Number of protein chains: 2
Amino acid sequence: MVSSHFRNILLKLGIPEERLSVLEGKGGLVEDEFEGIRYVRFRDSAKGFRRGTVAFENGDVVLGFPHIKRIVQLENGIRRVFRNKPFYVEEKVDGYNVRVVKVRDKVLAITRGGFVCPFTTERVEDFINFDFFRDYPNLVLAGEMAGPESPYLVEGPPYVKEDIQFFLFDIQEKGGGKSLSVEERLKLAEEYGIPHVEVFGVYDRRRIDDLYDLIEMLHSERREGIVMKSPNMKRIAKYVTPYANINDIRIGSHIFFDLPHGYFMQRIKRLAFYLAEKHVKGEEFDEYAKALGKALLRPFVESIHEVANSGEVEEVFTVRVKNITTAHKMMTHFEGLGVKIHIEDIEDLKNGYWRITFKRVYPDATREIRELWNGLAFVD
Amino acid sequence: MVSSHFRNILLKLGIPEERLSVLEGKGGLVEDEFEGIRYVRFRDSAKGFRRGTVAFENGDVVLGFPHIKRIVQLENGIRRVFRNKPFYVEEKVDGYNVRVVKVRDKVLAITRGGFVCPFTTERVEDFINFDFFRDYPNLVLAGEMAGPESPYLVEGPPYVKEDIQFFLFDIQEKGGGKSLSVEERLKLAEEYGIPHVEVFGVYDRRRIDDLYDLIEMLHSERREGIVMKSPNMKRIAKYVTPYANINDIRIGSHIFFDLPHGYFMQRIKRLAFYLAEKHVKGEEFDEYAKALGKALLRPFVESIHEVANSGEVEEVFTVRVKNITTAHKMMTHFEGLGVKIHIEDIEDLKNGYWRITFKRVYPDATREIRELWNGLAFVD
């Protein structure tokens, strides 16, 4: 149930009374709290408020981050999305999406699902100059948190060698969620020294060969891909490297039964379209095939052996925090998500940070493997 | 709607009036006709009558063929299903399942879905000695139709070099569907010269190494797998070779978007459990990975190129029939299934048979590839 205070806020935002009751009834609105700041999180979309939207007690609203459309045929996709018009090409960084916003006197980091993340909120001051929010309290910084020490992902991009980093890729207004133009964003990022995803330049469809070269370069450097954006941010499309597709499959195969089939099949599809578009043949084709097969099979077979030897399917994460209480808040956060976590180790790095190592266990995937390994006979 | 004649038959079989109305209401019962013989086909299960059950106008009932349970860990699966008891091991032949039955004075071949198949019904006299049905009118011969010239599958087992063959693997009673024991079945097959799936012998769990060798042999001969059966047919389990898993993926990848994700993922799962159980490592592991990757990617990429060059996703089938009318009946049968077919060629083989070549087109898979190739931007 949402309190009357939030009811009034949501009604004022234009959500009809009736819609509000339906949403509440099916648990689409959840009231939550972070260090004394209350907020409502949208678990479903409602009347222009996307899933992941957050409404704060003071009336501030941060819209859910929009899902960016994907293309799997680069040349035709660009023609279809951008026609002959120019577009910026920026790196798609492999991390987790956060929206950073100042509410009252606190800077908060919100995850895609609309949670204030205790870890990211604690760490975000290490990466972002908060003067920005003093000068622009009405703007939201959207970016990717990425690195080898992340609470949500087992891997980061190759150029983040330790810990985690923030990479800005969008600045939006509170409330309506309108994006600043690319130029305005880049100017502000420079002015305040906010780390930004790499900008590869302005392209148009006539430079398709340069884009192919860029994709090859990113692929060989084990980077995820690109996001193409019209200067006014009205048209956006993403495209990923074959490396990212295969690497995602490799990471997912370890927890095979915990992921929907579509996770794997979508990435196989993207890889196939890449091979078709680039007319990859012969030995090079076979190398991709082998890499895909190994990505699908090797971590999965290792997990089967692990379970066969009485182990569990699990992933290990490390994060660096300034306060151990932040680690405990993360555990509570994961519990709320129904995720099974154990803290394995807490190490004092003697530089103001603690390194927390924790293990995520996958009980369903473990059980499924165990049953099949134990000889379950089943109808499929 | 089911006519009152069939209503009475179904009521007499013990399906409650109410259940019957519900089944009819959702289209679970379909009345059909083949050369003057009327029948009702069960599209859903109902009170012991499995999907695919057929009730004929004379009261004869042929139960839907039961789904045989699968194991993916051979040693533990055998222990769990058969304990220390012996079981027959028979070949699992890669074809389509038919139940052959005499109704009034006609021998009919029924597909898994409960259709009288015009093609199989015409051809079945080439493989089965009909004296059997004169002597045992109450028995149903269940077997696999397999070969390179099949209306339902693009490939057959390697040892059927041309046309198609019937391979018996079960004899059941009309009505209750009780199976004869393996010994009785083998005796009757021999007595009437009915071709039978290969029987590899009687095994028990102490001979697991012989079974591993058998699987290796079948794998290297490009055969599908085994079905293990207690002598009284009460306990049955199937296990397939890695060859079959990879080959099915190769065949399916050609029509990637026409198959559910599970089709591919189930086979990847089976392959992973094989590799885990046999502790396949090093180069041999990589060979499997490469074969899997090629199976997933190569036919799929070929289909993308085909569609990119204004073609369609399609499969070509050939069948041998004695009467051209049979080919036309098959076309009508496919139309009824919503399958898009074109006859490409009719050739007189001058030996009493016509060879019909037809093409199955996959409009949905074609459209999906075309849209993606043309640069569709989509949210996934």
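## Nonpolar core

The largest nonpolar core has 107 residues. Those with the most contacts inside this core are Leu74, Ile226 and Met228 of chain A, together with Leu74, Ile226 and Met228 of chain B. The model is a predicted one.

## A sheet in chain B

Chain B contains an open sheet of four strands, ordered S7-S6-S8-S9 and paired antiparallel. Strand S7 (106-111) and strand S9 (165-173) form the edges, each pairing on one side only. On average, neighbouring strands of this sheet are turned by 30° against each other, direction ignored.

Strands of a sheet pair through backbone hydrogen bonds. Between S8 (residues 139-146) and S9 of chain B, which run antiparallel, there are eight bridges. Within S9(B), Ile171(B) is the residue that stands opposite Leu141(B).

## Helix H6 against the sheet

Helix H6 of chain B, residues 182-192, lies across S8 and S9 of chain B.

## Domains of chain A

Chain A is assigned four domains: domain 1 (4-59), domain 2 (74-240), domain 3 (243-308) and domain 4 (314-361). The C-alpha centres of domain 1 and domain 4 of chain A are 30 Å apart.

Technical notes:
Residues numbered from 1 in each chain as written. Chains lettered and ligands numbered in written order. Predicted model: local features only at pLDDT ≥ 70, side-chain atom pairs only at ≥ 80, totals over all residues. Heavy atoms only, no water. Pairing = 2+ DSSP bridges. Helix = DSSP H or I, 4+ residues; strand = E, 2+ residues; numbered from the N terminus. Axes fitted to C-alpha atoms, helices over the stretch in contact; angles between N-to-C directions. Contact = heavy atoms within 4.5 Å. Domains from an automatic or database assignment. Core = buried A, V, L, I, M, F, W, Y, C linked by side-chain atoms within 4.5 Å. Buried < 20%, exposed > 50% of the residue type's maximum accessible area, 1.4 Å probe, protein only.
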